[in-house]
Amino acid sequence: MSGPGTERVTTPDLSVTLGGLELAHPVLNASGTFDVIEARRRFGAAALDPFPFSAYVPKTVTLEPREGNPPPRVTETAAGMINAVGLQNPGLDAWLADLDALVDVPVPVVMNVGGGRPEDYLEVVRRVEARLAAGAGAGERLPDIVGYELNVSCPNVGRGGLAIGTEPAETERLTAAARALTGRLLIVKLTPNVTDVVAVARAAADAGADALSLVNTLKALVLDPDTLRPFLGNRTGGLSGPAIKPVALRMVWEIAGTLDLPLIGMGGIASGRDVLEFVACGATAVAAGAVNFTAIDAPRRIVAELREELAVRGLSSLADARGRALG
Amino acid sequence: MDRWPDRPTDAAVDSAAQAGCATATSGSFRVIERRSFGRYALLTLLAPEVAAVAQPGQFVMASVPGEGFHLRRPLSLHSVDGERVRLLVEPRGEGSRTLAAAGVADVLSLAGPLGSGFPLDDLSSVLLVGGGIGTAPFQFVADALGARGLPMTAVFGFRDADQARLAGAFDIDDLYLATDDGSVGRRGTAVELAREVGAGPGASVLACGPAPMLAATRAWAREAGLSGFASLEAHMACGTGSCHGCVVRTRRGFLRVCVDGPVFSFDTLALGPS
């Protein structure tokens, strides 16, 4: 008989528990990189069966509609891409009016909330809670909105976003106020654009966050090669993709080594091996982002590869790999 | 004040977009033929799922799978022939260079057909105005107009003789060429050529090319009392409506080139001076 590590496991257990939420596997989508409604329109419902993610995170919703930044907004960079979309979205009222479109999403939905002022974030949470309570009271069929991800880390908006997420005190205040408004899962999405990510993470944890997701994009600049002027309409943008994976891994590793709360790792995840590395650094779950732009079946491939990565290591569950890089 | 006469409505474009609903495929498709026109490549792919539902003016997102992270690139459908689709590729950056270098038996990762396409049903006669690689969708358009028996003229503008080799990728009877340096066809721009060739009353102008060409075409069409549509190019990440990376400023706010377009009525666009 061979011991663990030498024997191939046929069906490793990929299930994870994220702040009380049971997920079939650890791969979520990063907000803004996959739109279930648009994907259905383009490719049909059959292309999303089985659903590629274990939980669905829609694009950031803000209280008021946001036009977003002037184009150009995206371009490829070495091993990644840069974007400065600027949280274009129709605003909370329009989002709530279209809530029906998410009813058939077969996995839990985590609403990603952005804003200018802290009060805007809170008003979104307040109104969503009221809407869900009213709908539930009326016996309405509602999407399975299990929680919120507070986007305090978008580098592409003038106010809010980074201005909150780079300040531990601001992050703590907002998280505590949001905590008071909801019993649902509360996730704070952290920025890598700080000197001490653990300080911000601790502030969110102390204020009652159930989990942290990290990292959002790295603030970056790309020039137009002909004019030598900033290429993006917003001038600066956010770098994502495999280029930032080592930065994200380091930050997950630092926080997991210090704090005891579930982490959703993100930043350049493109393969099952990448997922395994984030989990080894202490992440409970992960979110795939830029890779979603390369193929609709990318997340399913990643999950299949993760199973294989565990199997060849003789690991019977993802939990067995968690935190291996720590200590 | 900013209206064009006899224009098919935005609703026509929207319904063309709707017609493309839930018909795209994401998969791998093999290159079965490659032709070179100077540095440009015309790739023929066996892609029955795409060919069966494609409309003129639609595009695909394509890449050559390999090591490392690469976004797919938007490419117009140059033409559709039975179960085959053709893509005309200009090697520009790293992604398009790799695509243009794809050879027979190579497999492309591809999603499509995507976008709205040109609304061809309500047209009586058509002038096609193409610039550079923006000529790419016009073989498909010309084939569809020919099948409908609609009178059609095409004017293509290129920078120089090298770029004008693109014209070899087209089989259009009534095709006029211009180059900026006069090395092929008339000296001047596609719009100057369009002005010279002219279009009958009630003709529709379908344009695709660089932004300055589109702005000039629209200005000329307006002056001549012609309605029309422009197909836009944009940097895209997803190409499928998720990321909001490819927007263009229009009279209806920022619209996504990938799903609200790439074809927009001249009326909708806020292109340069109008």
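Predicted model: local features only at pLDDT ≥ 70, side-chain atom pairs only at ≥ 80, totals over all residues.
## Helix pair in chain A

In chain A, helix 6 (residues 197–206) and helix 7 (residues 245–256) have axes that come within 9 Å and cross at roughly 55°. Because of that angle, helix 6 of chain A counts as oblique to helix 7 of chain A. The crossing of helix 6 of chain A past helix 7 of chain A is right-handed.

On the helix 6 side of chain A, the residues that meet helix 7 are A:V197, A:V198 and A:A201; their counterparts in helix 7 of chain A are A:M251, A:E254 and A:I255. Sorted by class, this contact between helix 6 and helix 7 of chain A comprises five nonpolar residues, one charged residue and no polar residues.

## Domains of chain B

Chain B is assigned two domains, with domain 1 spanning 19–114 and domain 2 spanning 117–230. Taken over C-alpha atoms, the centres of domain 1 of chain B and domain 2 of chain B are separated by 23 Å. Each domain of chain B brings 16 residues to the contact between them.

On the side of domain 1 of chain B that touches domain 2 of chain B, at least two residues each come from strand 2 (40–46) and strand 4 (73–81) of chain B. Strand 4 of chain B gives the most to this side of domain 1, namely five residues. The composition of this side of domain 1 of chain B is seven nonpolar, eight polar and one charged residues.

## Interface between chains A and B

The contact between the two chains involves 35 residues of chain A and 28 residues of chain B. For the side of chain B that touches chain A, strand 6 (107–114), strand 13 (247–250) and strand 14 (253–256) of chain B supply at least two residues each. Strand 6 of chain B has the largest share of that side, with three residues. By class, the side of chain B that touches chain A holds 15 nonpolar, 12 polar and one charged residues.

B:R72 is located in the loop between strand 3 (59–63) and strand 4 of chain B. With 28 other C-beta atoms within 10 Å, B:R72 is buried, because the threshold for that class is 20 or more.

Leaving aside residues up to four places away in sequence, B:R72 touches A:T294 in chain A, and B:M61, B:A62, B:S63, B:S109, B:A111 and B:G239 in chain B. B:R72 and B:G112 lie 40 residues apart along the chain, and their C-alpha atoms are separated by 11 Å.

How values were computed: Residues numbered from 1 in each chain as written. Chains lettered and ligands numbered in written order. Axes fitted to C-alpha atoms, helices over the stretch in contact; angles between N-to-C directions. Helix = DSSP H or I, 4+ residues; strand = E, 2+ residues; numbered from the N terminus. Parallel < 35°, antiparallel > 145°, perpendicular 65-115°, else oblique. Left-handed = near helix turned anticlockwise from the far one by under 90°. Contact = placed C-beta atoms within 7 Å. Nonpolar A, V, L, I, M, F, W, Y, C, P; charged D, E, K, R; others polar. Domains from an automatic or database assignment. Buried ≥ 20, exposed ≤ 12 C-beta atoms within 10 Å, placed from the backbone.
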